[in-house]
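Thanks, everyone, for making the time this morning. I would like to walk you through one model, and I will keep to a few points that can be followed on the screen.

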Amino acid sequence: MSKLFKPKIVSANDLFAGDVVYMNPGFGWTRKLAEAAIAHNEEAAADLLAKAMPQQEKVVGPYLADVALDDDGRPFPTHFREKFRTRGPSNRTDLGKQSVNPERREPLAASGGI
Amino acid sequence: MYRYDEFDAAYVKDRVNTFRGQVNRRIDGSLTEDEFKPLRLMNGLYLQLHAYMLRVAIPYGTLSSRQMRALAMIASKWDKGYGHLTTRQNIQYNWPALKDVPDILDALADVEMHAIQTSGNCIRNVTADHFAGAAADEIEDPRPTAEIIRQWSTEHPEFLYLPRKFKIAVTGSPNDRAVTKAHDIGLRMVRNDTGEAGYEVIVGGGLGRSPFVGKVVRDFLPKSDLLPYLEAILRVYNLHGRRDNKYKARIKILVHETGIEDLRAMVEREFEQLDGPSVALAEEEVARIEAYFAPPVFAKLPQHSSALEQAKKADAEFAAWVETNTDAHKQSGYTIVTVSAKAIGEAPGDLTTAQMDVLADIAEQYGHDELRISHEQNVILPHVRLDDLRIVHAALADAGLATANANLISDIIACPGLDYCALATARSIPVAQDIQQRFADPVRAKAIGEFKIKISGCINACGHHHVGHVGILGLEKAGIENYQITLGGDHTETTAIGDRAGPGFAFEQVGPAIERLVDAYISLRANDNERFLDTYRRLGLEPFKTALYDNERTAA
């Protein structure tokens, strides 16, 4: 029985701010999971990670994380750890990504470090 | 309080400058993360789930008002307006930017503080009884000992790359408030037959994945032999401690695998062979350090304060706080105040900038300028006049710091857990908050009595769950958070590792389970003064297991 492949994204922490970032389809970095590049098979996942690993001047500790896709094909985390990483401390909703209005799409250049 | 001499000050500033250069080289790409990581860890800088985290040492938990204000300023200027007190008398900042960390360390150095050796496989921040120098039950102030160890262990060339991290705690009182039996080395001040003060030396305690209660390696160590004997233990550990397996590398495993008798023989042999006089501190140097910890000049006051008694009569809430949050002071007319950093619904151990400033003001005006951080994540005002308690309480209340819950069920130790920590497997803080809310009624909490809940968000046990009367350990099970409960742990001189009650609970089931446990305890206790721990020791696990599990099935 072949193992079913789960879609994957590459996540890391920003070198400067330390916050959570995701690799985007242009092999740059975004702070929004919705903008992450999605690997639909093993080969694409390995390729994404290979593109991330040398970018040490921007990020720390890139790794592959499982995601599921909603009806519009946008990724969302399947593991609770990754869910918390998209938000911030659950006891302080005024801090971290969750504190920023999700509708406000900041230009990446202005969001620091990337 | 200890004050840096010229050497200390120059050394700490030098370290900041070195680290500043390392940060700059990381930012300009000259250093890879693999190269930089050990350097930042040596300076207390971790990378956590959502941001960097800087762990600042508060040696033996002692702070002046000036230092507390500096901690507040750092939280306000470079972080997000708060800091987190840890179970090892450190304070952690959860949101610093990498480029700002050298400036933070500079600001710390200005007030004689640093983050050196708050990470890495070295001797970590030396902790001590938070009532040191004030407690009525104390043989001697343990802080000179802790300071001597701090100086000896800071950048000790032989012990910077140990098999694993190494934690030392010191208590000067027979009532152990420093958890000495759960440390790599614990020192308990004792007197020998001739009345001379020395140390009982305990080795190989620890929590984490494999919890062990420390064992006595030396019944009585003369104070003058302190450093040579510690050096002997560390040498034996450095040579024989396992380096093949991270999970078996702590000295507790060496003690367990070697046996305390053989280990003692190895230590004593090393102690005999090493050049003791070259390691021991000269008497005059010991005296110099001890002088820094001379007690403040206390006023001559009667044991009884009529101002206090009148205030208690007039204000029941104040009276309740005095009863729970003050302890016996060695000086007549004074008391020790425990300031709860466990307001109902707040993260245990979090202090805002404003709260830190208020604590500094109170300590300055009413507390001989001294503050302590306890391993239980509270703040101590060690020297307060009974006559001033009313005004101190009012000032604390205005700052949300007057929760009357010291040692009660809502005085919970909780590690940062998965809300912050990259190692965590589950959240701790919201579990603590839920339990606090359930037992928010002070009358009920008081009726329950001393009840120590300790929560860790992973097996590493920063939340000391093994030694909680009730321990809660957050793990991951089948993709969700799952919490194991242990019962009967004890963090005092009668240290005990709690017994695992049974299968774990889902996140939202923990609070109800604790409620059932408490109800069972109330119905089973011999009298109102029998603590949960005593009832547990008398009756064993079974009735509490029934309360935790059988009732759950009935309710479902």
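Predicted model: local features only at pLDDT ≥ 70, side-chain atom pairs only at ≥ 80, totals over all residues.

Let me begin where chain A meets chain B, a contact to which chain A brings 21 residues and chain B brings 23 residues. On the side of chain A that touches chain B, the most is given by helix α2 of chain A, residues 80-87, which supplies 4 residues. If we sort that side of chain A by class, we find 9 nonpolar, 8 polar and 4 charged residues.

Turning to chain B, the domain assignment gives domain 1 as 6-110, domain 2 as 142-292, domain 3 as 307-324 + 334-398, and domain 4 as 413-555. The centres of domain 2 and domain 4 of chain B, taken over C-alpha atoms, are separated by 31 Å, and the contact between these two domains takes 11 residues from domain 2 and 11 residues from domain 4. By class, the domain 2 side of that contact has 6 nonpolar, 2 polar and 3 charged residues.

Finally, the strands, all of them in chain B: β17 (residues 453-456) runs parallel to β18 (residues 470-477), with 4 bridges joining them, and B:Ile453 has B:Val470 in β18(B) as its bridge partner. Strand β18(B) is also joined by 8 bridges to β19 (residues 480-487) of chain B, this time antiparallel, and here B:Lys477 is partnered by B:Ile480. The hairpin of β18(B) and β19(B) has 2 residues between the strands, and in it B:Ala478 takes a positive phi near 50°.

Terms used
Residues numbered from 1 in each chain as written. Chains lettered and ligands numbered in written order. Contact = placed C-beta atoms within 7 Å. Nonpolar A, V, L, I, M, F, W, Y, C, P; charged D, E, K, R; others polar. Pairing = 2+ DSSP bridges. Domains from an automatic or database assignment.
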